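Biologist: I am new to this one. Please show me the chain, and then let me ask about it.

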Amino acid sequence: MPAILLKQVPDELHRRLKEAAARHHRSMTGHALALIEQGLGSGEELTLPPPEKPRRRYTQQVVVQAIRQGRA
């Protein structure tokens, strides 16, 4: 089964998910999956915030420098 890793989850959103999962007697993963399925299963177009712009443009030079510094 495929897996998804969420990074940089805001503290407030993490807290709300944790509390909602507890209220529904689910794990956080189980509750997040239920919310995703509910949102995608409705067939309605979801209103999402605009995508974030990358903080830095990833040129070849930036990537090579990161690799040399062991950050890749």
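Predicted model: local features only at pLDDT ≥ 70, side-chain atom pairs only at ≥ 80, totals over all residues.

Biologist: What radius of gyration does the protein chain have, against that of a compact globule of 72 residues?
Modeller: The C-alpha atoms fill a box of roughly 50 × 30 × 25 Å along the principal axes. A compact globule of 72 residues would have a radius of gyration near 11 Å. The protein chain has 18 Å.

Biologist: What percentage of the residues of the protein chain count as buried?
Modeller: Buried means under 20% relative accessible area. The chain has 72 residues in total. The share that counts as buried is 8%.

Biologist: What part of the accessible surface belongs to carbon and sulfur atoms?
Modeller: The accessible surface of the protein chain comes to about 7,400 Å². The part that belongs to carbon and sulfur atoms is 56%.

Biologist: How far apart do the centres of the positive and negative side chains lie?
Modeller: The protein chain has 12 positive side chains and 7 negative ones.

Biologist: Let us turn to single residues. Where is Arg-26 found?
Modeller: Helix α1 covers 11-23, and helix α2 covers 28-41. Arg-26 is found in the loop between α1 and α2.

Biologist: Is Arg-26 buried, partly exposed or exposed?
Modeller: Buried means under 20%, exposed means over 50%, and partly exposed is in between. Arg-26 has a relative accessible area of 39%. So Arg-26 is partly exposed.

Biologist: Which side chain makes a polar contact with the side chain of Arg-26?
Modeller: Leaving aside neighbours within four places in sequence, Arg-26 is in contact with Ala-21, His-31 and Ala-34. A polar contact of 2.9 Å involves one of these side chains. The partner is His-31.

Biologist: Why does His-31 count as buried?
Modeller: His-31 lies in helix α2. Leaving aside neighbours within four places in sequence, His-31 is in contact with Leu-17, Ala-20, Ala-21, His-24 and Arg-26. The cut-off for buried is under 20%. His-31 counts as buried because its relative accessible area is 4%.

Biologist: Is Gln-8 buried or exposed?
Modeller: Gln-8 is found in the segment before α1. Its phi is near 55 degrees, a positive value in a residue other than glycine. The relative accessibility of Gln-8 is 69%, and the cut-off for exposed is over 50%. Gln-8 therefore counts as exposed.

Biologist: What is phi of His-25 near?
Modeller: His-25 is found in the loop between α1 and α2. At 76% relative accessibility, His-25 counts as exposed. Its phi is positive, in a residue other than glycine, and near 55 degrees.

Biologist: What distance separates the C-alpha atoms of Val-9 and Met-28?
Modeller: Val-9 is found in the segment before α1. Val-9 counts as partly exposed, at 32% relative accessibility. Val-9 and Met-28 are 19 residues apart along the chain. Their C-alpha atoms are separated by 13 Å.

Definitions and conventions
Residues numbered from 1 in each chain as written. Heavy atoms only, no water. Rg over C-alpha atoms; globule rule 2.2 N^0.38 Å. Buried < 20%, exposed > 50% of the residue type's maximum accessible area, 1.4 Å probe, protein only. Areas by Shrake-Rupley, 256 points an atom, 1.4 Å probe, with all protein chains shown as cover. Lys, Arg positive; Asp, Glu negative; His and termini not counted. Charge placed at Lys NZ, Arg CZ, Asp CG, Glu CD. Helix = DSSP H or I, 4+ residues; strand = E, 2+ residues; numbered from the N terminus. Contact = heavy atoms within 4.5 Å. Polar contact = N/O pair within 3.5 Å; in protein donor to acceptor, adjacent residues only side chain to side chain.
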